[in-house]
Amino acid sequence: MASSPVTSGNADRAPSPSGGARGWIATAFLLISALYFVDTILRTTLKTFWYDELFTVYLCRLPTFHATWAAVLDRTDLNPPLFYLLTRWAQHFSGEGLIATRLPAMIGFWIFGVCLYSVVGRRLGRICGCIAALARSEERRVGKECRSR
C-alpha cells in the first residue's frame, strides 16, 4: 500500500510577510495613527460643542450613571448608554472639555479604521486595506463639512 504524504495544512494559506515587511507595516500603522490623533485633537480644540454634543455633556453631568440611564430611557438623547459611560469615564480622568467629551468618538472612529483595514486587507490585499482605511479619513472630513451647513 502506498501511503499518502502528510501535509501540514499550510498549502492553503497565503505566505506571511517577512520580518522586514511586518516592521514596515507596523511603522506605517503607528505613523498614520499618530497623525490621525494629532490632527483630530487639534481640530477638536478649534470647534465648540455642537447642539447634540451639548446633550452628551449635560447627560454626563448628572450625578450618577443611573440618572444618565434614566434620562436615556426617557429618550432625552438617542445615543446608546455605553457611549455615555465611556464619555463619563473620559471626563472623569481628563475633566469636562472639548477633547475629553469627544475622545470616545475619536477612539471609536480609529478602531473602525483598523477593522476596515483588517477586513478589506484580508480579502483584497494590504494595499486595498490601506486605501479603504485612509478613505474613511476623507469621509470624516466630508461629514464634518456637510454637518456644518
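**Charged pairs and a nonpolar patch**

Mentor: Glutamate 53 and arginine 102 are both buried, and we can begin with them, keeping in mind that this is a predicted model.

Trainee: Which residue forms a salt bridge with glutamate 53?

Mentor: The pair links distant parts of the chain, since glutamate 53 belongs to helix 2 (residues 51–60) and its partner to helix 5 (residues 98–124), 49 residues apart. The closest N and O atoms are 2.8 Å apart, and the partner of glutamate 53 is arginine 102.

Trainee: How many salt bridges does the structure hold?

Mentor: Besides the pair of glutamate 53 and arginine 102, there is one between arginine 43 and aspartate 39, where the closest N and O atoms are 2.8 Å apart. Another joins the side chains of arginine 61 and glutamate 96, at 2.7 Å from N to O. The number of salt bridges in the structure is three.

Trainee: In which helix do arginine 43 and aspartate 39 both lie?

Mentor: Arginine 43 is partly exposed, with 41% relative accessibility, and aspartate 39 is partly exposed as well, with a relative accessible area of 26%. The two residues are four residues apart, about one turn of the helix, and the element that holds both, covering residues 19–46, is helix 1.

Trainee: How many residues apart in sequence are the parts that arginine 61 and glutamate 96 tie together?

Mentor: The side chains of arginine 61 and glutamate 96 meet in a salt bridge. Arginine 61 lies in the loop between helix 2 and helix 3 (65–73), while glutamate 96 lies in the loop between helix 4 (81–94) and helix 5, so the parts tied together are apart in sequence by 35 residues.

Trainee: Are arginine 61 and glutamate 96 buried, partly exposed or exposed?

Mentor: Buried means under 20% relative accessible area and exposed means over 50%, with partly exposed in between. Arginine 61 has a relative accessible area of 48%, and glutamate 96 has one of 44%. Both values fall between the two cut-offs, so each of these residues is partly exposed.

Trainee: What is the nearest side chain of opposite charge to arginine 88, and how far away is it?

Mentor: Arginine 88 is found in helix 4, and although this residue is buried, it has no salt bridge. The nearest side chain of opposite charge belongs to glutamate 96, and its distance is 9.3 Å.

Trainee: Which residue has its backbone oxygen 3.5 Å from a polar atom of the arginine 88 side chain?

Mentor: Leaving aside neighbours within four places in sequence, arginine 88 is in contact with several residues, among them Leu59, Cys60, Phe65 and Thr68. Pro63 is also one of these contacts, and the residue whose backbone oxygen lies at 3.5 Å from that polar atom is proline 63.

Trainee: About how much accessible area do Leu82, Leu86, Trp89 and Phe93 have together?

Mentor: Phenylalanine 93 is found in helix 4 and is exposed, with a relative accessible area of 69%. Together with Leu82, Leu86 and Trp89, Phe93 forms a nonpolar patch on the surface, and the accessible area of the four is about 480 Å².

Trainee: What percentage of the residues of the protein count as buried?

Mentor: The protein has six helices and zero strands, and it exposes about 11,000 Å², of which carbon and sulfur atoms supply 66%. Of its 149 residues, the share that counts as buried is 21%.

Terms used
Residues numbered from 1 in each chain as written. Predicted model: local features only at pLDDT ≥ 70, side-chain atom pairs only at ≥ 80, totals over all residues. Heavy atoms only, no water. Buried < 20%, exposed > 50% of the residue type's maximum accessible area, 1.4 Å probe, protein only. Lys, Arg positive; Asp, Glu negative; His and termini not counted. Polar contact = N/O pair within 3.5 Å; in protein donor to acceptor, adjacent residues only side chain to side chain. Contact = heavy atoms within 4.5 Å. Patch = residues over 30% accessible without salt bridge, like charges linked within 9 Å, V, L, I, M, F, W, Y side chains within 5 Å. Areas by Shrake-Rupley, 256 points an atom, 1.4 Å probe, with all protein chains shown as cover.
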